[in-house]
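User: I'm new to this one. Can you walk me through it?

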Amino acid sequence: MYFKKAIYFTKIIFEVKKMLEIYLIRHGQTKWNLENKMQGSLNSDLTVEGVKQAVSLGKELNKHYFDHIYSSTSPRALETSRLIFGDEKKTSSDLLGEIAMGAWEGKTYQEIEKLAPLEWNNFFNHPFNYFPSKDGESFAQLEARLKVFIKEEGLRERSGKIAIVSHRITIRMLISLLLNNKELYGEMDLSSTSLSIIEVENKKAKLKLLNSTAHY
């Protein structure tokens, strides 16, 4: 009887301490970032500075062991992931891609603001009122696919440490979803190759670090 109770007690302690650390990394600086062009589902190569940023972060994270590394399928995210984590096994997912911006992709901020001033304002200030151009993606659609990723990868149930390399808008939405706080989306921004960390314990998430660029 005492042995059975001891096993049960040990199981309870193990379940209480079950925790997942999620390291969220935005891709390195790109040429279009410097030119103030919208990227979305299109790609722009990393700049020399973007490469340096990723290499520097890789040196900082080299002392950590990650149970799983995820990346957006976008070339700029994949390259950032390679520079940070080297030959470590990675899982790429379309679910982690940047919000598709349709006709805006490849255009400068100034061109888009002139072309669609209302939607430009909504995109940054009232995202869930934003109506995308043809072939673009709404914030509700982005939210829906990230919910699929969270569920499929068990981010609220698993333990260990994982890394996700993705994009400015996508990571902000992922953080707000994990923290169950939509308002938080508009209260933060993410720099190139920034690091944010979320801890999930007993299905409850806490933001431990946001938009750190201390590595460069």
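User: Which residues does Gln-39 touch, not counting residues up to four places away in sequence?
Analyst: Gln-39 touches His-27, Thr-30, Trp-32, Asn-33, Ser-44, Arg-76 and Glu-105. Contact means heavy atoms within 4.5 Å. This is a predicted model: local features need pLDDT of at least 70, side-chain atom pairs count only at pLDDT 80 or more, and totals for chains, interfaces and linings use all residues. Residues are numbered from 1 along each chain as its sequence is written, and side-chain values use heavy atoms, with hydrogens and water left out.

User: Is Gln-39 buried or exposed?
Analyst: Gln-39 counts as buried because its relative accessibility is 6%. Buried means under 20% relative accessible area, exposed over 50%, partly exposed in between (1.4 Å probe, protein chains only).

User: And where is Gln-39 found?
Analyst: In the loop between α2 (31-34) and α3 (48-61). Helices (H or I, at least four residues) and strands (E, at least two) are DSSP runs, numbered from the N terminus.

User: Now the whole chain. How many helices and strands does the protein chain have?
Analyst: Eight helices and six strands. From the N terminus, the order is α-β-α-α-β-α-β-α-α-α-β-α-β-β.

User: What share of the 216 residues is buried?
Analyst: Buried residues make up 47% of them.

User: What about contacts between residues at least 6 apart in sequence?
Analyst: Of those in the protein chain, 66% join residues at least 24 apart.

User: What does the C-alpha trace span along its principal axes?
Analyst: About 75 × 35 × 25 Å.
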